[in-house]
Amino acid sequence: MALDVLDRVLDQGQPFDDTFAGHPALGALSPRDRAFARLLRPGDTAFDVGAHIGWVSAQFAHLVGPTGRVLAFEPGANNLPYLRRNLRNTPQALIIEAAVG
């Protein structure tokens with residue numbers, strides 16, 4: 001369900017919610033990032049499948065807060081050192097060194 005909503009938001013090419021457009025911080029975000037901010041709340045669990053170097057995982061961690069959880073799946077050995085470094089101060093993020101299929 002959440003992915004269907006996200007797909008619709010991204011296909012619109014405009015802010016998901018007009019309140020984000022006028023917000024000084026959120027108005028500058030991409031449509032994808034505004035959708036993440038709209039969908040994820042403190043305490044949620046988020047999955048980043050193919051976490052790469054952790055850019056989206058870090059965004060998710062910020063949105064779910066210290067009571068939430070981020071599961072970052074990354075099988076690429078070349079990405080793991082960067083992923084670990086980028087999430088090192090993010091206790092709510094768990095790196096899972098595996099592919100999802």
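A search of the whole structure, which is a predicted model, finds two aromatic pairs. Rings of Phe, Tyr and Trp (its six-membered ring) pair if their centres lie within 6.5 Å; planes under 30 degrees apart count as stacked, over 60 as edge-to-face and the rest as tilted.

Phenylalanine 36 and phenylalanine 60 form an edge-to-face pair, 4.9 Å centre to centre with 85° between the planes. Phenylalanine 36 sits in helix α3 (residues 31-39) and phenylalanine 60 in helix α4, 24 residues apart. Helices (H or I, at least four residues) and strands (E, at least two) are DSSP runs, numbered from the N terminus. Both phenylalanine 36 and phenylalanine 60 are buried; buried means under 20% relative accessible area, exposed over 50%, and partly exposed in between (1.4 Å probe, protein chains only).

The pair of phenylalanine 47 and phenylalanine 73 is stacked, at 6.4 Å centre to centre and 15° between the planes. Phenylalanine 47 belongs to strand β1 and phenylalanine 73 to strand β2, 26 residues apart. Phenylalanine 47 counts as exposed because its relative accessibility is 52%, whereas phenylalanine 73, with a relative accessible area of 15%, is buried.

I turn to histidine 52, in the loop between β1 (45-49) and α4 (55-64). Histidine 52 is not a glycine, yet has a positive phi of about 55°. At 45% relative accessibility, histidine 52 counts as partly exposed.

A note on conventions. Residues are numbered from 1 along each chain as its sequence is written, and side-chain values use heavy atoms, leaving out hydrogens and water. Local features need pLDDT of at least 70, side-chain atom pairs count only at pLDDT 80 or more, and totals for chains, interfaces and linings use all residues.
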